[in-house]
Amino acid sequence: MASSSSLSFNLFMVALVLAIFMRSTLAVFQPSPWKLAHATFYGDETASETMGGACGYGNLFTNGYGTDTVALSSTLFNNGYACGTCFQIKCVQSKACYANVPFTTVTATNLCPPNWSQDSNAGGWCNPPRVHFDMAKPAFMKIAWWKAGIVPVQYRRVPCAKKGGIRFSLQGNGYWLLVYVMNVGGGGDVYSMAVKGSKTGWITMSHNWGASYQAFSSLGGQSLSFRITSYTTRETLTLWNVLPSNWQVGLTYNSKFNFR
């Protein structure tokens, strides 16, 4: 009888370990296949015109995104749910391509809006349903001669390799909390978000725009926890007590954990 119990326990432990292993494996975002598109650039070598952007990341230098960024056509932008996603882009089929550069990696921080006054094949590069990348000029200059203006590219989604945990930048007032979610690893994107005060239950936040989520609640004077679900993997992270009870709007707070 003892032998049978021991065997059952061992089988249970093996199943548990396998389940944990499979969950860990599936939760890691995997690169997508290569696809064809086109890329242009905007701004100058300083990338000053890329600051801010539709995703709401503000100063891309201080917030860790630098000049390796891209504005996505609305087909890719997905109403802001693609903010924070990472792509490898390589120049192909053009004399302007740098042959010794296999690819460059960029993060989506902005929207390239449609330009219906121009034909989709002659200036309206970001008109739906085109898949297009309008890169920061320093990023474009890594893969192609900038005077080409536009080049054919291959691209693929890749995991976002981020240092440190997810960051939260706060705006709002006493009855409205607006949170910009930054430095997201793994798929880089956010599907849904909830906030919990030390005196409340979980409150579902609504998607505002870009990488921002909002809650219409009075949460001042409470430590705040966040629950975030990745748009790509649907993996969920619960980050406890990220904000101290004396948190303030206008500040950015760091968590200790991130997606992979």
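Reader: Where is Trp 146 in this chain?
Author: This is a predicted model. In the model, Trp 146 sits in the loop between helix H3 (137-140) and strand S6 (151-158).

Reader: Is Trp 146 buried or partly exposed?
Author: Trp 146 is partly exposed, because its relative accessibility is 32%.

Reader: What does Trp 146 form on the surface with Trp 145?
Author: Trp 146, Trp 145 and Tyr 98 make up a nonpolar patch on the surface. Together they have about 300 Å² of accessible area.

Reader: OK, zooming out. How many helices and strands are in the protein chain?
Author: The chain has three helices and 14 strands. Of its 260 residues, 43% are buried. The accessible surface of the chain is about 13000 Å², and 58% of that belongs to carbon and sulfur atoms.

Reader: And which share of the contacts joins residues at least 24 apart?
Author: That share is 69%, counted among contacts between residues at least 6 apart in sequence.

Reader: Now the inside. How many residues are in the largest nonpolar core?
Author: The largest nonpolar core has 30 residues. Tyr 57, Leu 72, Phe 87, Ile 89, Phe 133 and Met 135 have the most contacts inside it. Several elements supply at least two residues each, including S1, S2, helix H2 (74-77), strand S3 (86-91) and strand S5 (132-136).

Reader: Which second core is there?
Author: A separate core of 24 residues, with Ile 166, Val 181, Val 195 and Leu 239 among them.

Reader: What does Tyr 57 touch?
Author: Leaving out residues up to four places away in sequence, its contacts include Tyr 65, Cys 83, Thr 109, Val 181 and Met 182. Thr 109 is 52 residues from Tyr 57 along the chain, yet their C-alpha atoms are separated by 7.0 Å.

Reader: What about strand S8, how many of its residues are buried?
Author: Five of the seven residues in S8 (residues 176-182) are buried, so the strand is mostly covered.

Reader: Which strands join S8 by bridges?
Author: Strand S7 (residues 167-173) pairs with S8 in the antiparallel sense over seven bridges. S7 and S8 form a hairpin with two residues between them, and Asn 173 has Trp 176 as its bridge partner in S8. S8 is also joined to strand S11 (residues 212-215) by four bridges, again antiparallel. There, Val 179 has Tyr 213 as its bridge partner.

Reader: Switching to charges. How many salt bridges are in the whole structure?
Author: A search finds three salt bridges. In general, side chains of opposite charge can pair when their charged atoms come close.

Reader: Which residue pairs with Glu 45?
Author: Lys 137 does, with the closest N and O atoms 3.2 Å apart. Glu 45 is in the loop between S1 and S2 and Lys 137 is in helix H3, so the pair ties together parts that are 92 residues apart in sequence. Glu 45 is partly exposed at 45% relative accessible area, whereas Lys 137 is buried at 6% relative accessibility.

Reader: And what does Lys 142 meet in a salt bridge?
Author: Lys 142 meets Asp 68, at 2.8 Å from N to O. Lys 142 lies in the loop between H3 and S6 and Asp 68 in the loop between S1 and S2, so parts 74 residues apart in sequence are tied together.

Reader: Which residue forms a salt bridge with Arg 157?
Author: Asp 189, with the closest N and O atoms 3.7 Å apart. Arg 157 is in strand S6 and Asp 189 is in the loop between S8 and strand S9 (192-197), 32 residues apart. Both Arg 157 and Asp 189 are buried.

Notes: Residues are numbered from 1 along each chain as its sequence is written. This is a predicted model: local features need pLDDT of at least 70, side-chain atom pairs count only at pLDDT 80 or more; totals for chains, interfaces and linings use all residues. Side-chain values use heavy atoms; hydrogens and water are left out. Patches are made of residues with over 30% relative accessible area and no salt bridge: like charges are joined within 9 Å, nonpolar side chains (Val, Leu, Ile, Met, Phe, Trp, Tyr) within 5 Å. Accessible areas come from the Shrake-Rupley method with a 1.4 Å probe; for residues, only the protein chains shown count as cover. A salt bridge is a side-chain nitrogen of Lys or Arg within 4 Å of a carboxyl oxygen of Asp or Glu. Buried means under 20% relative accessible area, exposed over 50%, partly exposed in between (1.4 Å probe, protein chains only). Contact means heavy atoms within 4.5 Å. Two strands pair if DSSP finds at least two bridges between them. A nonpolar core is a set of buried Ala, Val, Leu, Ile, Met, Phe, Trp, Tyr and Cys residues joined through side-chain atoms within 4.5 Å.
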